[in-house]
Amino acid sequence: MSAKAMAAPLELRNSPSGKIFPALGPFLIGGVFGFGALQGVASGADGGHVLWITLLGAACLALGAFIARGAFDTSVKVILDQRGFRDSRAGDVLVPWSKVRSVRLAAGGKGAAMLNFELTGEPPDAIKYSSANAFGLMPFGRNTVHMEISSLDVRGQDLVDAVKKFAPHAVVRR
């Protein structure tokens, strides 16, 4: 058996810090609006204005909760194995390594946001037309897909190394 066939699949999940930290902003803004609404009620402000401030505060808190809930989702989001890669956040369709021409890490380091795959043809329709592709794979141009990785439990360079292991033919672009 070849080393490529024996390689264990790489399963990626949400990173708790990649979900909690982005939620802090909406929580803080919601708290500020809530405090403002309480001050408005205490000072006898017009009920219509207090209602709007309260609604804005509630919307910010709901947005923060929506973002933070991903920190508690322990399901596998992305799988890389000897056959290819799949992203359950966008279509959950297998993209075989034979269709990957090159890979590029956009902005290196732990905070890397995207892994760009240049394909030999157009991305599968399930990726192109997925309603969730803002959170996973995003088609870009005719034959490129971007994989959002900043919210996953992996460093960008580790993901590039895994791609090199599974698809040694893929060119790594800088």
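Which residue, with a positive phi, follows α2? Gly 44, and its phi is near 75°.

A word on the model. This is a predicted model, where local features need pLDDT of at least 70, side-chain atom pairs count only at pLDDT 80 or more, and totals for chains, interfaces and linings use all residues. Residues are numbered from 1 along each chain as its sequence is written, and side-chain values use heavy atoms, with hydrogens and water left out.

Now helix α2, residues 16-42. Helices here are DSSP runs of H or I, at least four residues, and strands are runs of E, at least two, numbered from the N terminus. The expected span is 1.5 Å times one less than the number of residues.

Next, burial. Buried means under 20% relative accessible area, exposed over 50%, partly exposed in between, with a 1.4 Å probe and protein chains only. Leu 24 is partly exposed, at 40%. The buried residues of α2 include Gly 18, Ala 23, Pro 26 and Gly 30. The buried residues of α2 pack against α3, residues 47-68. Contact means heavy atoms within 4.5 Å.

Last, Pro 124. Its place is the loop between β6 (114-119) and α4 (125-128). Pro 124 is partly exposed, at 24%. Leaving aside residues up to four places away in sequence, Pro 124 touches Val 93 and Val 95.
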